[in-house]
Amino acid sequence: MGSFFRSNVDAMTGYIPGEQPKPGSKIIKLNSNENPYPPSPAVEKVLQSFDWKRLRRYSDPFANEFRNAVGEVLNVPPDWIIVGNGSDEVLNLVIRACAGVERKVVYPMPTYVLYRTLASMQPAEFIEIPYPEDYRLPVEEIIRADGAITFIATPNSPSGHIVPLEDLRSLATNLSGVLVVDEAYVDFTSEDALSIVKEFDNVISIRTLSKGYSLAGIRLGFGIANPKLLAGLYKIKDSYNIDAIACAIGAAAMLDQTYKNVCIEKITTSREKLASELRELNFRVWDSQTNFLLVQPPRNNAEDIYLKLKAQGILIRYFKQPGLENKLRITIGTDEQNQELIASLIPLV
């Protein structure tokens with residue numbers, strides 16, 4: 001029997017998300033960079049008061065309630081915002097609209113491996129330019145590659161570093177295609193790319209409510225770009241891609257910046273404490289401006305540690321790929337969770 005699938009789908013490897021334990025499992029989950037704290041109390045109020053009768057109608061195709069909230073918080077006109085079913089949908093829209101045969105996708109590695117998956121699905125040629133050991137962006141190599149799409153994650157996963165604005169500006173100036181600044185972890189750093197977005201019509205910033213706003217479960221993200229760039233994405237966006245409940249919840253969470261900032265402060269404080277404790281165990285710990293740490297065990301036994309922690313009910317992330325074989329990515333949990341992690345690591349190193 002022949003294959004049911006296109007040749008590129010047969011040949012590609014699908015994206016593998018972090019493990020999700022069954023509901024009710026007594027697992028310390030530090031593998032998917034989720035927020036350890038619950039969403040804003042404003043979200044609970046929306047769920048308690050939501051008029052269920054509204055669900056008989058299609059949702060707003062532009063998610064205007066949410067777009068208006070984002071615009072108010074970020075001081076961006078709503079027509080500069082496109083809303084997606086998670087930021088991954090917005091990434092996918094850019095790929096579908098801009099990449100293809102002889103329209104290549106470029107990004108530095110290691111980074112979010114979904115870029116490779118999306119390019120393979122299109123299909124489109126993808127060029128992966130290695131980061132050096134110090135994670136300085138290889139600007140000139142990326143410019144020479146001149147992709148129809150260039151993905152730059154900042155802060156980057158799994159390294160946790162940010163890309164300087166001058167590097168982004170250099171790319172925006174010299175690239176002929178679209179520069180996608182993936183800012184999924186922007187809530188954990190004081191620097192963002194909005195000034196670049198406003199300056200250049202070939203730049204889109206893509207963000208999510210999964211990390212800073214504790215809303216990974218509703219799948220809500222957005223892109224910010226010049227309306228001329230968004231026009232092409234709207235042509236291929238599903239008409240009603242954001243459900244009414246997600247739109248209302250997202251707006252409430254976005255407008256409660258006070259609660260979000262309190263949670264961010266707790267996470268960043270815990271991150272520095274955990275980094276210090278890991279260094280005391282002789283781990284190499286990369287500086288991070290995210291809600292996770294990239295670490296290297298003193299005996300380079302990363303996979304062994306990952307498996308042994310998993311057997312104890314602690315999930316962290318291990319990537320079996322070039323440059324990461326001896327490293328682990330650890331999501332910042334609550335202080336109590338982090339202490340259980342440290343106690344479990346001591347006999348393993």
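The legends below describe close-up views of a predicted model.

Local features need pLDDT of at least 70 and side-chain atom pairs count only at pLDDT 80 or more, while totals for chains, interfaces and linings use all residues. Residues are numbered from 1 along each chain as its sequence is written, and side-chain values use heavy atoms, with hydrogens and water left out.

**View A. Glu-44 in helix α2.** Helix α2 spans residues 41–49 and contains Glu-44 (helices are DSSP runs of H or I, at least four residues, numbered from the N terminus). Glu-44 counts as partly exposed because its relative accessibility is 49% (buried is under 20% relative accessible area, exposed over 50%, partly exposed in between; 1.4 Å probe, protein chains only).

**View B. Ser-120 in helix α5.** Ser-120 belongs to helix α5, residues 114–121. Its relative accessibility is 14%, so Ser-120 counts as buried. Leaving aside residues up to four places away in sequence, Ser-120 touches Asn-8, Met-12 and Phe-126 (contact means heavy atoms within 4.5 Å).

**View C. The largest nonpolar core.** This core has 56 residues, of which Phe-66, Leu-171 and Phe-222 touch the most other members (a nonpolar core is a set of buried Ala, Val, Leu, Ile, Met, Phe, Trp, Tyr and Cys residues joined through side-chain atoms within 4.5 Å). Helix α10 (residues 244–255) gives the most to this core, nine residues. Apart from this core lies another, of 32 residues, including Ile-264 and Tyr-306.

**View D. Contacts of Leu-171.** Residues up to four places away in sequence not counted, Leu-171 touches Leu-137, Val-139, Ile-142, Ile-143, Ile-152 and Leu-179.

Definitions and conventions: Helix = DSSP H or I, 4+ residues; strand = E, 2+ residues; numbered from the N terminus.
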